[in-house]
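Dear colleague,

Please find below the sequence and structure that I am handing over to you. My findings follow directly after them.

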Amino acid sequence: MSVRVGVVVFPGSNCDRDTAWALGLAGAEPVELWHESADLGGVAAIVLPGGFAYGDYLRAGVIARFSPVMRAVAGFAAAGGLVLGICNGFQVLAEAGLVPGALLRNRGLRFVCREVAIAPERLDTPFTRLVGERRPLRMPVAHGEGAYYADPATLAALERDGRVLFRYVAPDGTPALDPDDRANPNGSLRGIAGVTNAAGNVAGLMPHPERAAEALLGSADGLPILRSLVAAAGERAAGAFVVTGRRVLAGDGGVEGGRR
Amino acid sequence: MSEPAVPLHQALGLTDEELVAIEARLGRAPNDLELAMFSVMWSEHCSYKSSRPLLRTLPTGGPDVVAGPGENAGVQRIGGGLAVAFKIESHNHPSAVEPYQGAATGVGGILRDIFAMGARPIAVLDALRFGDPGDPRTRHLVNGVVAGVGGYGNCVGVPTVGGELVFDPSYGGNPLVNVMAIGIVREDQIMRAAAPGPGNLVVLYGSATGRDGIGGASVLASATFGAQDPSKRPAVQVGDPFAEKLLIEATLEIVERGLAVGIQDLGAAGITCGVSETADRAGTGIIVDLDAIPRREPGMAPFEVLISESQERMVAIVRPERRADVAEVCARWGLPCAVIGRVTADGDVTVVEGGLDGEGRPLPGARELARVPAAALTSDAIVFERLAAPPPRRRPAPAPGVRPEPAELLPERGMDPGAVLVGLLGSPNLASRRWVYEQYDHHVQTNTVAGPGRGAAVLRVKGTRQALVATTDGDQAVSALDPYLGAALSVAEATRNVSVTGARPLGVTNCLNYGDPTRPEAFWQLREAVRGLGDACRALGIPVTGGNVSLYNEAPGSAIAPTPEIGVVGLADDVDRLVGPAFGAADDVVLLAGWAAPGLGGSAYADLAGGGDDDPPPLDLAREAALQGLLRAAIGAGLVAAAQDVSRGGLAVALAEMAIWGGRAGHFRVAVAGAPAVALFGEAPSRALLAARPDAVTPLLALAAEHGVPLADIGTTGGDRLLVELVGEGATGAAEERGARVADAIDLDLGDLRHAWEQGLPQALGGEG
């Protein structure tokens, strides 16, 4: 049984179809979640895709956070559900306070679209568990407001608690900690490309793993990130089944494995 | 101050002769509102009144052609029930006045042409031309236009995958912004821009109508620039890409659910154009209820409502029983939607104030403001046979095969070919375009197999093995010397750029950017270009499926170099079989296919060397067809590892680019007959470079012989130095006889070449990188 992963569609989302396509390649069954509905349709995980939700004329993500679907997403996240925000999705999560920090205008004050390399800081998260090893992953960025910013105390806490999910790195894997490093495409502090919330179930990522899901398009390095999410979501869905089914199955430890 | 009153028709840009023609069609004098409608519809921009007789000569048919010129965009079948829609259009004058909005709305307008056909837009290409990059005004325009193209395309989620950026002093007062868009549509869902079925509803949806872009078609697009440009700013429209994104999704939903029988986007001349063109195409009429049109502001005069060019609006022709469904789709996407009229059987565009009843008849007390035959505004608009005369000092193009005397060649004194190559690679017209395309989202929709920066763009078609290959090319440099040759060369180069990937060119769309057609010399340039375009397309067996003519591209005291911008879309049945232009493995054999030809006129070398009066190289269209046939056959047979056409900057630049892109240089030997500059930097057409594994060389030579195309082994790939030796009779001799000192070889480090190529554009724009 494939894992149902929701893809939120705001008016102005423009990576929703790409994300659904790539989630399909990662083994999931993508489900559209319309912005006006708070019904999450029983999905096992949620992705907030890239784009320009509501036009982003005021500030990226600032209006999207007030939509009905975002109230539901916040509840889903509070209950431990897995949420990944990509690009504009990251901006929406940050505006909604579901991940720390903010995404400021790029250092060069221009939109930047190019391939970058990022490396995972940890391999034991729901978003990186199938990446395999700490290595540079090549995938595109495409944004005007992607410079990660947080105050020094927050940055210190993120580093201390292992909540920096990805950093921009040079092709040889050296982290681009300096905002002026050429390998840091937007001036992000400490080279941060992705972070998680304190509980580790909500992540924001500026680069686009869904655009790096097929070798034909130049890189398949993003696919393990989506596969990680799908696998983790599948286990949680199965785990939920075990919990509700325990009365019947008498807590048999083999049941969870049997579901997979 | 009292000035003599200007008659209204003249104030609206109509001539006395045109007023007479309008009266003849109406059988009476037009009222003021009708005159305003005629003024926009009979503008050059909407009516093609000068170019229409020329465009009729173009080849437009073909077995794949589903929709040709006259529809919003050309459509061609690609198999599997799918079709590709594509078109190129200009937004030159708006971009000169207000570069960001001019370019942004240029993107928006061409995208609407695509999705009005029922196609989902999958790619944009932008062909941009500016004056001297050192001029602060040019930098202002470049920054604004690039930001505008990106700001709109990035937001609507259509990737900008290719295009051009050319600097030439002739564009200093009149930049060119030509934008091409491509879409995919199911063949059974292709929508026509027609209003069939009297009784059907005319539904306006999208943004409300405001005062922006009043008279854009007539005031801006169809007149030369004067000194009072800033006063034309109100004629520039303002774009809202977020509204466009909603409009795309709503329109495609309307199409997929079969809710409309016709769709037209509203661009130039606004509602007047939308209703008159759809009615005329269907042989019907339309009655418009002025009061039903949603407005942005109160107090708009009827003519303002009818000719406003407010962006992001569409008209759908809807059966009455589908009205609620269309309203529901629009509501879901948050778009205003209103029934503004009815299709009628009388053939007239009628405008009333005071409302229509349930049958589409004016309510009692309603007032008829205008009634004009739809055909008089569109298909029966005035047409002019303009005077054409060549410029007095024009030199004839050399006959093919005639070798010019060395004295005619550009000076080669002291030419160091290595220094010339570095200079060319770093020149504003040849250097890397990264500074531009990094500002464009070129990956969204996840179809981009090959994006901007190196040759034609390649887009896979999801759900198939197929790929579309797209490019734009325009040769203004040769066009300035010989507009016929320049247009034919542009077609040859654009199609060659597609064939060199292995794909088959499907069709041509064209944007003809020329001067004031009432000037015989400018009209002669246009006429020659259309002749060259037609001849080239016929020789290469490819139809012209659509395009756009932009005239009056003149600033005070100077006309632009005539610029035929050619967009080509090609098709490959197996995306995995396509090849790119970068050198791959070491020890690949590099072969030069095609024919050398003399002539440095119009070349990048001529730009660098300070001009001269050399002729451009001739074009033999039969040879061009043979070369492109060889390229497709060789790549299709799997014999080619990399391929690139030889164009701007000649053979040396083509080799250097393949090396830079592949991170691998090589050792080459180039036969020189007479003049090293011609051999290294000449831009003779009908040539390409192929890289192949050694064991593929023998079959490649046999295949080339079959196609009748010369193919010469010129070296091998490997290492990080680009070494190009000049060999053969006259390697240096011919030049030495004229007192020249010529180096025998290019020997350069790949890193130095890359540095020059990467830094060229930011440096030219004053460190804007």
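I begin with one residue pair in chain B: Leu125(B) has Met180(B) as its bridge partner in E6(B). Please bear in mind throughout that this is a predicted model.

The two strands concerned are E4 (residues 120-130) and E6 (residues 176-186) of chain B, which pair in the antiparallel sense over nine bridges. Both belong to an open sheet of six strands in chain B, with mixed pairing and the order E1-E2-E3-E6-E4-E5. Strand E1 (65-67) and strand E5 (160-167) of chain B stand at the edges with a single partner strand each, so one side of each has no neighbour in the sheet. From one strand to the next, the twist averages 20°.

Chain B also contains a helix pair. The axes of helix H2 (residues 16-26) and helix H3 (residues 32-41) of chain B come within 12 Å and cross at roughly 115°; the crossing of H2(B) and H3(B) is right-handed. On the H2(B) side the contact involves Leu19(B), Ile22(B) and Leu26(B), which meet Glu34(B), Leu35(B) and Phe38(B) of H3(B). Of these residues, five are nonpolar, none is polar and one is charged.

Finally, the interface between the chains. Chain A contributes 27 residues to the contact and chain B contributes 34 residues. Together, chain A and chain B bury about 2,500 Å², with 57% of it on carbon and sulfur atoms. Five salt bridges are counted between chain A and chain B. Glu214(A) forms a salt bridge with Arg460(B), where the closest N and O atoms are 2.7 Å apart.

Yours sincerely

Note on methods. Residues numbered from 1 in each chain as written. Chains lettered and ligands numbered in written order. Predicted model: local features only at pLDDT ≥ 70, side-chain atom pairs only at ≥ 80, totals over all residues. Heavy atoms only, no water. Pairing = 2+ DSSP bridges. Helix = DSSP H or I, 4+ residues; strand = E, 2+ residues; numbered from the N terminus. Axes fitted to C-alpha atoms, helices over the stretch in contact; angles between N-to-C directions. Left-handed = near helix turned anticlockwise from the far one by under 90°. Contact = heavy atoms within 4.5 Å. Nonpolar A, V, L, I, M, F, W, Y, C, P; charged D, E, K, R; others polar. Buried area = accessible area lost by both parts, 1.4 Å probe. Salt bridge = Lys/Arg side-chain N within 4 Å of Asp/Glu carboxyl O.
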